[in-house]
Amino acid sequence: MTDTCVDRIDDAERVPPATDAAPAASAQTDGDRGHLAEEETVAAGLGPEACAEPDPWRAHRVAAGPFDAAERAAVYRAIETRRDVRGQFEPAPIDDAVLRRLLAAAHAAPSVGFMQPWSFIRITDPGVKDRVHAAFSAANAEAEAMFSGAHQDRYRSLKLEGIREAPVSLCVTCDPTRSGPVVLGRTHQSEMDLYSTVCAVQNLWLAARAEGIGVGWVSIFREADVKAILGIPDHVRIVAWLCLGHVKTLYDAPELAIKGWRQRLPLEELVSDNGWGGETALFVEQTRE
Ligand SMILES: Cc1cc2nc3c(=O)[nH]c(=O)nc-3n(C[C@H](O)[C@H](O)[C@H](O)COP(=O)(O)O)c2cc1C
């Protein structure tokens, strides 16, 4: 190897290879989590000419080009075909290895100040599920009363949870104290811990789609009720109750859209350029793509 910035890094400093927890991304280049090959260090601007102010952490750099077409398609397929599942759960349990992969995907999520505020409570006990279902039913009756007329009738017709049918549920929590009183990035917007936890949920949801596991997010309950059932400390928040199970079919669009509750908004109406509420030129060329 020539005298590039990279070749002066002792191999021992490099990050260890991928574990078998999840398939390694094939777009990466050297079988070692994508650490750059010699010619790539130059192409990536890490060659000798870049050494005036060398990055002391450069041994951790990996190739970051686009995935190949099949990999990209798989990622977008997971995003586009992910569904919130309430009624299609198969009773078969989820393999522990699969559940561990889903949790690892969740745990790989971004978090403010890397605080990783999430915890995951696994629920398989039918008695616990029954009690949470009762908490749902009480809240759902209150929710139903908040709508009126035809909207209320439609609300009543919707299935909004699969708590008892799903073989396993995960209660995803957020501990605001996880990394001490002052958290990098959360100094001015304390709710960032909750947003971080939501990122973990979304990671899990997408990974589950790839594994053929359906996920349904249930939020219709009083948080205090479920905290009492699971013994969750006062300061810890519940972010999500997720019902998980194998699914053989999924709806091809959000169930709420199919059943006439609400339709997807046009994306173009949700994007503006350089300020709130204006228009965007972003989609003008779209018809030519
Ligand atoms: C924060 C959050 C809470 C939700 N709570 C519920 C719920 O209590 N019951 C339910 O049936 N769906 C719930 N959902 C699922 C949404 O209804 C669903 O994501 C939406 O209708 C779009 O459908 P899709 O996820 O299949 O694309 C929730 C989703 C999110 C993100």
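## Reading a sheet, its core and its helices

Author: Strand 3 is mostly covered, with 5 of its 6 residues buried. The structure shown above is a predicted model.

Reader: Over how many bridges do strand 3 and strand 4 pair?

Author: Strand 3 and strand 4 are joined over 6 bridges, in the antiparallel sense. As an example to find in the structure, Val218 has Trp241 in strand 4 as its bridge partner. Strand 2 also pairs with strand 4 in the antiparallel sense, over 7 bridges. There, Val172 has Ala240 of strand 4 as its bridge partner.

Reader: Which residues have the most contacts inside the largest nonpolar core?

Author: The general idea first: in soluble globular proteins, nonpolar side chains tend to be buried together. In this model the largest nonpolar core has 38 residues, and Leu102, Val172, Val201, Leu204, Leu242 and Leu244 have the most contacts inside it. Several elements each supply at least two residues of this core, among them helix 3 (96-107), helix 4 (126-145), helix 6 (192-211) and strand 2 (168-174). Strand 4 gives the largest share, 7 residues.

Reader: What is Val172 in contact with, leaving aside its neighbours within four places in sequence?

Author: With those neighbours left aside, the contacts of Val172 are Trp118, Phe120, Thr197, Ala200, Val201, Val239, Ala240 and Leu242.

Reader: At what angle do helix 4 and helix 7 pack, and how far apart are their axes?

Author: Two packed helices are described by the angle between their axes and the distance between the axes. For helix 4 and helix 7 (residues 223-230), the angle is about 165 degrees and the axes are 9 Å apart. An angle over 145 degrees counts as roughly antiparallel, so helix 4 and helix 7 are roughly antiparallel to each other. Their crossing is right-handed.

Reader: Which residues meet between helix 4 and helix 7?

Author: From helix 4, Val128, Arg131, Val132 and Ala135 meet Asp225, Val226 and Ile229 of helix 7.

Conventions. Residues numbered from 1 in each chain as written. Predicted model: local features only at pLDDT ≥ 70, side-chain atom pairs only at ≥ 80, totals over all residues. Core = buried A, V, L, I, M, F, W, Y, C linked by C-beta atoms within 7 Å. Buried ≥ 20, exposed ≤ 12 C-beta atoms within 10 Å, placed from the backbone. Helix = DSSP H or I, 4+ residues; strand = E, 2+ residues; numbered from the N terminus. Contact = placed C-beta atoms within 7 Å. Pairing = 2+ DSSP bridges. Axes fitted to C-alpha atoms, helices over the stretch in contact; angles between N-to-C directions. Parallel < 35°, antiparallel > 145°, perpendicular 65-115°, else oblique. Left-handed = near helix turned anticlockwise from the far one by under 90°.
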